[in-house]
Amino acid sequence: MAEDKTPVQDPYDALPGESDLQMNAKTMKAFAHPLRMRMYTFLSDHGSATATRLAEELNESTGQTSYHLRQLEKHGLVEEDTERGSGRERWWKPVGYSLRRHLIQGDSGSDPAMNLLINEQVRDRSEKLRHWLTTMDSAPQEWVEASILSTSTATMTPEQARALTQELMEVLERHTEAAEAAPNAAASDQAQRVRIYLSLFPLETDIVE
């Protein structure tokens with residue numbers, strides 16, 4: 001019988017489209033600041049903004065937003081949007097990140113930051129989903145038909161779940177890259193920023209100790 005030489009999947013291998021920025025304990029502690037997370041969320045929602053725009057939208061001083069933008073830049077979480085701005089004021093855009101548990105394990109001091117980050121992510125996701133579901137009746141029909149909110153449940157092995165995750169991320173990367181590469185896509189009257197949530201995890205009732 002021929003030997004199976006299929007390489008074993010490293011559980012920490014990067015997924016398609018996964019950010020190169022791997023958040024470690026130090027970066028997470030710097031990020032887990034209420035105003036910095038609000039600023040990052042605003043940039044993610046709108047694409048880019050100036051310190052002045054952030055101050056106006058978040059009811060903060062420009063000095064505060066400028067300072068925290070510099071801290072976010074220091075840790076690689078934002079970068080200058082060189083395609084915008086006139087030189088008098090800098091525009092900033094978010095940099096995607098990946099959060100891998102193994103990079104922060106063993107640092108008990110990171111637990112408060114982790115909890116704050118998780119709570120903010122859950123709050124923001126819930127808030128945005130609730131807003132869409134309660135306002136979709138007034139949205140253009142083409143956006144209603146283009147959106148989806150679906151839940152699927154199945155029984156899988158870790159290997160099957162990983163294969164599904166890999167394929168979903170490949171599809172996500174292909175479509176987001178195509179949208180960004182399309183000429184003048186952002187200038188279209190119909191173009192809007194969209195949010196894609198993707199989660200796959202074992203249900204607690206099915207976890208075997």
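Let's start where two helices touch: Leu35, Arg38, Met39, Phe42, Leu43 and His46 of H2 meet Arg53, Leu54, Glu57 and Leu58 of H3. Sorted by class, that contact holds six nonpolar residues, one polar and three charged. Keep in mind that this is a predicted model.

Now for the geometry. Two packed helices are described by the angle between their axes and the distance between the axes. H2 covers residues 34-46, and its axis lies 11 Å from that of H3, at an angle of about 110°. Angles of 65 to 115 degrees count as roughly perpendicular, so H2 is roughly perpendicular to H3.

Next, follow H3 to its other partner here, H4. H3 spans residues 51-58 and H4 spans residues 62-74; their axes come within 8 Å and cross at roughly 120°. H3 and H4 are therefore oblique to each other, and H3 passes H4 in a right-handed crossing. On the H3 side the contact is made by Ala51, Thr52, Leu54 and Ala55, while H4 brings Thr62, Thr65, Ser66 and Leu69. This set divides into four nonpolar and four polar residues, with no charged ones. Leu54 turns up in both stories: it meets H2 and also takes part in the contact with H4.

Setting aside neighbours within four places in sequence, Asp124 is in contact with Thr41, Arg195 and Tyr197.

Key:
Residues are numbered from 1 along each chain as its sequence is written. This is a predicted model: local features need pLDDT of at least 70, side-chain atom pairs count only at pLDDT 80 or more; totals for chains, interfaces and linings use all residues. Side-chain values use heavy atoms; hydrogens and water are left out. Axes are lines fitted to C-alpha atoms, for helices over the stretch in contact, and angles run from 0 to 180 degrees between N-to-C directions. Helices (H or I, at least four residues) and strands (E, at least two) are DSSP runs, numbered from the N terminus. Angles under 35 degrees count as roughly parallel, over 145 as roughly antiparallel, 65 to 115 as roughly perpendicular and the rest as oblique. A crossing is left-handed if the near helix is turned anticlockwise from the far one by less than a right angle, and right-handed if clockwise. Contact means heavy atoms within 4.5 Å. Ala, Val, Leu, Ile, Met, Phe, Trp, Tyr, Cys and Pro count as nonpolar, Asp, Glu, Lys and Arg as charged, and the others, Gly among them, as polar.
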